[in-house]
Amino acid sequence: MIRADSLGSIAAFVQAVKSGNFSSAAQRLHLSRSAVGKAVARLEEQLGVPLFQRTTRSQKLTLEGELFYQRCLRILAELEGAEDDLAPGRPTPRGRLRLSMPVLLGRRCLAPILFELAERWPDLHFELSFNDRKVDLLEEGIDLAIRSGPLDDTPGLRSRRLGEDLMVACAAPAWLARHGTPRTLDELARQPAVLYSRGVEGAGWVFEDPAGRMLEVRPPARILLDDLDAMLLATCRGLGVTRLPNWLVAQALREGQLVALSFAERARPIALQAVWADTRQLPVRVRLVLDALIERLPPLLAAPGMAGPAPSPTP
């Protein structure tokens, strides 16, 4: 049975998992490697199960260790949230907040908001991770993740809608001069396209007709890319039609590098959502950052030219 005075051992265990080994955990906790090892050993003795599988070269969690680790993360998050909430007279957040977000959306739209918050709240320390993969919040110790598109039913997570990406079908004037301007979705489906791919070819573009019915367009792929900036550059160079977020193409449209394609149907927006581990009490720092994103992000997504420069014109 876990004793009431085991909080220090739990913190050492969690840090050992995050750091990958006892030596790195000891450095971060300002303890000796032996102290960390003894703390983990005490937990294993109290629980009656091994938490790590150890070899001379590596250590990894056992099944019981993984289950215990996830519970420990929630316990520590609850304690941090309680400390924030009970601190007298503190209306602003403090502590460390770890966020994960899509690369380009993060750089163009989210980072400016978060940097403003960092200036406003000097006691809040940010760790920002820019990547387009689906992170495991519990495994990687992420407090808040921003995700694009529909969410799956991962247990133990909660979510809140931040806004939506307004999608624009577009092409360069030179491309349209050579291939014609599509006026219907059937015509669009026949034009070679610059497509986004995370290793899955053929993802369709979803449109909504005036009656609310969803229609999917699957243009043939001329170029497959996993980077939105590269897609914008390729499209501006006249290499195909594409569909990209409004915040990314707005300046290129305004400057005439791209032409928006109009149809009776509208491109279906893509939902942007914040996701975090389900806890009884959401820490103050997470709640205030969420509120700031909900207030500040939608205007950036909709306002033309607010999210960064367009590529240099093709010579």
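**Group meeting: a walk through a predicted chain**

Let me start at one residue: setting aside neighbours within four places in sequence, Ser 197 is in contact with Leu 224, Leu 225 and Asp 226, where contact means heavy atoms within 4.5 Å. Ser 197 sits in the loop between strand 8 (193–196) and strand 9 (205–208). Helices (H or I, at least four residues) and strands (E, at least two) are DSSP runs, numbered from the N terminus. Ser 197 counts as buried because its relative accessibility is 10%; buried means under 20% relative accessible area, exposed over 50%, and partly exposed in between, with a 1.4 Å probe and protein chains only.

Some ground rules. This is a predicted model, in which local features need pLDDT of at least 70 and side-chain atom pairs count only at pLDDT 80 or more, while totals for chains, interfaces and linings use all residues. Residues are numbered from 1 along each chain as its sequence is written, and side-chain values use heavy atoms, with hydrogens and water left out.

Now the chain as a whole. The chain has 11 helices and 15 strands, and of its 315 residues, 44% count as buried. Among contacts with a separation of 6 or more, 74% come from residues 24 or more positions apart.

Next, helix 1. Buried residues in helix 1 include Ile 10, Phe 13, Val 14 and Val 17. After helix 1 comes Gly 20, with a positive phi near 95°.

On to the aromatic rings. Rings of Phe, Tyr and Trp (its six-membered ring) pair if their centres lie within 6.5 Å; planes under 30 degrees apart count as stacked, over 60 as edge-to-face and the rest as tilted. That rule gives 5 aromatic pairs. Phe 22 and Phe 52 make an edge-to-face pair, 5.8 Å centre to centre with 75° between the planes. The pair links Phe 22 in helix 2 (residues 22–29) with Phe 52 in strand 1 (residues 52–54), 30 residues apart. Phe 22 is buried at 6% relative accessibility, and Phe 52 is buried at 5%. Another edge-to-face pair is Phe 207 with Phe 263, 6.0 Å centre to centre and 85° between the planes. Phe 207 and Phe 263 are both buried. One aromatic cluster is formed by Phe 13, Phe 22, Phe 52, Phe 68 and Tyr 69.

Last, charges. Side chains of opposite charge can pair when their charged atoms come close. A salt bridge is a side-chain nitrogen of Lys or Arg within 4 Å of a carboxyl oxygen of Asp or Glu, and the structure holds 11 salt bridges. Which residue does Arg 107 meet in a salt bridge? The partner of Arg 107 is Asp 229, at 3.7 Å, N to O. Arg 107 lies in helix 5 (residues 103–120) and Asp 229 in helix 9 (residues 228–236), so the pair ties together parts 122 residues apart in sequence. Arg 108 also meets Asp 229 in a salt bridge, at 2.9 Å, N to O. Arg 107 is partly exposed, at 45% relative accessible area, whereas Arg 108 is buried at 15%. Asp 229 is partly exposed at 25%.
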